[in-house]
Amino acid sequence: MAQSNDKPMTKRMMLTLPTVLYSKLDKISREIGISKSAYVILALQEYIANHEDQYRQS
C-alpha cells in the first residue's frame, strides 16, 4: 500500500554495535561490495525468513 505521495514506505533505525561486530560488518560488506546498511538489511531478511513460523505463532 503506497502512501499518497508515492514514496516507498520505510522507517529509519539506528543501531549501536560493539566495535568488534562493527569491524566485522565493515570487512564483510567491503568484501562483497555492498554498504553496511544493505548487508544488515539482507541479514535481517534472511533471519526473518528462517524464523517466520516462530513469528506467526507469537
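Analyst: First, a term we'll need: helices here are DSSP runs of H or I with at least four residues, numbered from the N terminus. Also keep in mind that this is a predicted model.

User: Is Leu17 buried, partly exposed or exposed?
Analyst: Its relative accessible area is 31%. Buried means under 20% and exposed means over 50%, with partly exposed in between, so Leu17 counts as partly exposed.

User: What about the chain as a whole, what share of its residues is buried?
Analyst: Buried residues are 3% of the 58 in the chain.

User: Switching topic: which residues make the nonpolar surface patch?
Analyst: Leu17 again, along with Met13, Leu15, Leu21, Tyr22, Leu44, Tyr47 and Ile48. Together they make a patch of about 770 Å².

User: Which helices supply at least two residues each?
Analyst: α1, covering 19–32, and α2, covering 36–50. The largest share is from α2, with 3 residues.

User: Now pockets. What's the volume of the largest one?
Analyst: It comes to about 350 Å³. Its lining includes Lys11, Met13, Leu17, Tyr22, Lys36, Ser37 and Gln45. The elements giving two or more residues to that lining are α1 and α2.

User: Which element gives the most to that lining?
Analyst: α2 does, with 6 residues.

User: How does the lining divide into nonpolar, polar and charged?
Analyst: For the largest pocket, that's 8 nonpolar, 2 polar and 2 charged residues.

User: And the second largest pocket, what volume does it have?
Analyst: About 190 Å³. Leu17 is in this lining too, and others there include Leu21, Lys24, Ile28, Tyr39 and Ala43. α1 and α2 are the elements that give it two or more residues.

User: What classes are in that lining?
Analyst: The second largest pocket has 9 nonpolar residues, no polar ones and 1 charged one.

User: Nice. Can you recap Leu17 for my notes?
Analyst: Leu17 sits before α1, belongs to the nonpolar patch, and lines both the largest pocket and the second largest pocket.

How values were computed
Residues are numbered from 1 along each chain as its sequence is written. This is a predicted model: local features need pLDDT of at least 70, side-chain atom pairs count only at pLDDT 80 or more; totals for chains, interfaces and linings use all residues. Side-chain values use heavy atoms; hydrogens and water are left out. Patches are made of residues with over 30% relative accessible area and no salt bridge: like charges are joined within 9 Å, nonpolar side chains (Val, Leu, Ile, Met, Phe, Trp, Tyr) within 5 Å. Accessible areas come from the Shrake-Rupley method with a 1.4 Å probe; for residues, only the protein chains shown count as cover. A salt bridge is a side-chain nitrogen of Lys or Arg within 4 Å of a carboxyl oxygen of Asp or Glu. Buried means under 20% relative accessible area, exposed over 50%, partly exposed in between (1.4 Å probe, protein chains only). On a 1 Å grid over the protein atoms alone, a cavity is a set of points where a 1.4 Å probe fits but cannot get out, and a pocket is an open set with protein on both sides within 12 Å along at least five of seven lines; lining residues have an atom within 4 Å of a point. Grid points are joined across faces, edges and corners, and a volume is the space filled by probe spheres set on the points. Ala, Val, Leu, Ile, Met, Phe, Trp, Tyr, Cys and Pro count as nonpolar, Asp, Glu, Lys and Arg as charged, and the others, Gly among them, as polar.
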